[in-house]
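Hello,

Here is the structure for you to look over. My notes follow below it.

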Amino acid sequence: MRAARLIKMVLLLQSRPTMTAAELARELEVSERTVTRDAQALSEAGVPVYAERGRAGGYRLIGGYRTRLTGLARGEAEALFLSGVPGALREMGLEDAASAARLKVSAALLPSLRDASRTAAQRFHLDAPNWFREPRTPESLPAVADAVWDDRRITARYRRGRDEVTRELEPYGLVLKAGVWYLCARATEATGAARTTGIAEGGLEDPGSGSGSGSGASYRGYRVYRIDRFAAVAAGEERFARDDGFDLPAFWADRAEEFARSLLRSEVVVRLSARGLRALPHAVDAPAARAALEHAPAPDPDGWVTVTLPVESEEVAHGQLRGLGPEVEVLAPGTLRERFARDARRLAELYGTP
């Protein structure tokens, strides 16, 4: 345990000019006193860790000290090779760069670990696209990916329904969701002043400035675009200053949650048995189940609970709730209750005693 922590400490100091005891303690999840002891142990072992006192002080490595990746255990080496997604890298035009990087990492590993890439590939494969959908790589993806890596502004023509709009964008990050590529970007003031809230079929489309609750308030001005809806993309030579506070996973989670909530435009009132309550999160959309169960009252004398469930539409609710069978009773709206009554009559005809 301590050996792994010492290796991590050396790698952290290799990646940054200087780190304070507090920063190291936070990264290593130990106390500052433990950091001091670890630094002393590294120094005694021949690793040139130097401590500078004062307000601008901290720990650093002297003499350009570098370590090879000999501290990796087999599980760590295999996890490292799992971090790449070959199909996604190929679609972004980065397959050659990734292959070269894997060769360099393999060369730096101990001989006993150099088969880690092969053993990892034998044990895990990521197939991102949905079933029954032919994956298509958007033509503009490599150009967009290049701009993302280089922090270069792009001019894009974006299809919205039958219309096209032109956007000057600062491309921050790419997301591959269920076989569909999305660009998370910030529109420049010239073209991005107007707030758009359109929702595309099958995914997010320019869903707004993120002024809602949660982490979205930190991402005002950032939007999401489906890359297969770019009619044309031109990357300029001008680079933009990236906001170091932008967190792509957090931004995407916030937008995905916002998109899911935006679909829930209607409500139904249902009565659920104890088994129906447990099955509800598996039958309906996760945000809808959470919203219903957060405000669920105590069970009635029969052990059933009445909740208000947000749904996309009555049609969608009918399809989802049918999966709960006799563990759910629809109370409102009356039109949906009548649908279930018709279903019940048809089932009685099919399964009733002749």
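**What I found**

Start with helix α12, residues 286–294: Pro287, Ala288, Ala289 and Ala292 are buried there. This is a predicted model, so keep that in mind as you read. The buried residues of α12 pack against α10, α11 (274–283) and β11 (305–311).

**The sheet**

Next, the strands. An open sheet is formed by 5 of them, in the order β8-β5-β4-β3-β9. The pairing is antiparallel. β8 (222–226) and β9 (230–239) are the edge strands, each pairing on one side only. From one strand to the next, the twist averages 45°.

Look at β3 and β4 in particular. They pair in the antiparallel sense over 7 bridges. Arg157 stands opposite Thr166 in β4.

Two helices to check against the sheet are α8 and α10. α8 packs on the sheet and touches β3, β4, β5 and β9. Its direction makes about 70° with that of β4. Helix α10 (residues 248–263) also packs on the sheet, touching β4, β5 and β8. The direction of α10 makes about 75° with that of β8.

**The cores**

The largest nonpolar core has 22 residues. Those with the most contacts inside this core are Met92, Leu169, Leu174, Leu183, Ile227 and Phe230. At least two residues of the core come from each of α5 (86–91), α8 (141–150), β3 (152–160), β4 (163–177) and β5 (180–187). α8 gives the most, with 5 residues.

Met92 is worth a click. Leaving aside residues up to four places away in sequence, Met92 touches Leu141, Pro142, Ala145, Trp149, Leu174 and Trp181.

There is also a second, separate core, of 20 residues. Leu264, Val268, Leu272 and Ala288 are among them. Ala288 is also one of the buried residues of α12.

**The rings**

The structure holds 10 aromatic pairs. Take Tyr158 and Phe230. Their ring centres are 5.4 Å apart and their planes are at 65°, so the pair is edge-to-face. Tyr158 is in strand β3 and Phe230 in strand β9, 72 residues apart, so the pair links distant parts of the chain. Both residues are buried.

Which residues form one aromatic cluster? They are Tyr172, Tyr222, Phe240, Phe246 and Phe251. Arg242 lies over the face of Tyr172, at 4.7 Å from the ring centre.

Best wishes

Notes: Residues numbered from 1 in each chain as written. Predicted model: local features only at pLDDT ≥ 70, side-chain atom pairs only at ≥ 80, totals over all residues. Heavy atoms only, no water. Core = buried A, V, L, I, M, F, W, Y, C linked by side-chain atoms within 4.5 Å. Buried < 20%, exposed > 50% of the residue type's maximum accessible area, 1.4 Å probe, protein only. Helix = DSSP H or I, 4+ residues; strand = E, 2+ residues; numbered from the N terminus. Contact = heavy atoms within 4.5 Å. Pairing = 2+ DSSP bridges. Axes fitted to C-alpha atoms, helices over the stretch in contact; angles between N-to-C directions. Phe/Tyr/Trp six-rings, centres within 6.5 Å; stacked < 30°, edge-to-face > 60°. Lys NZ or Arg CZ within 6 Å of the ring centre and 35° of its normal.
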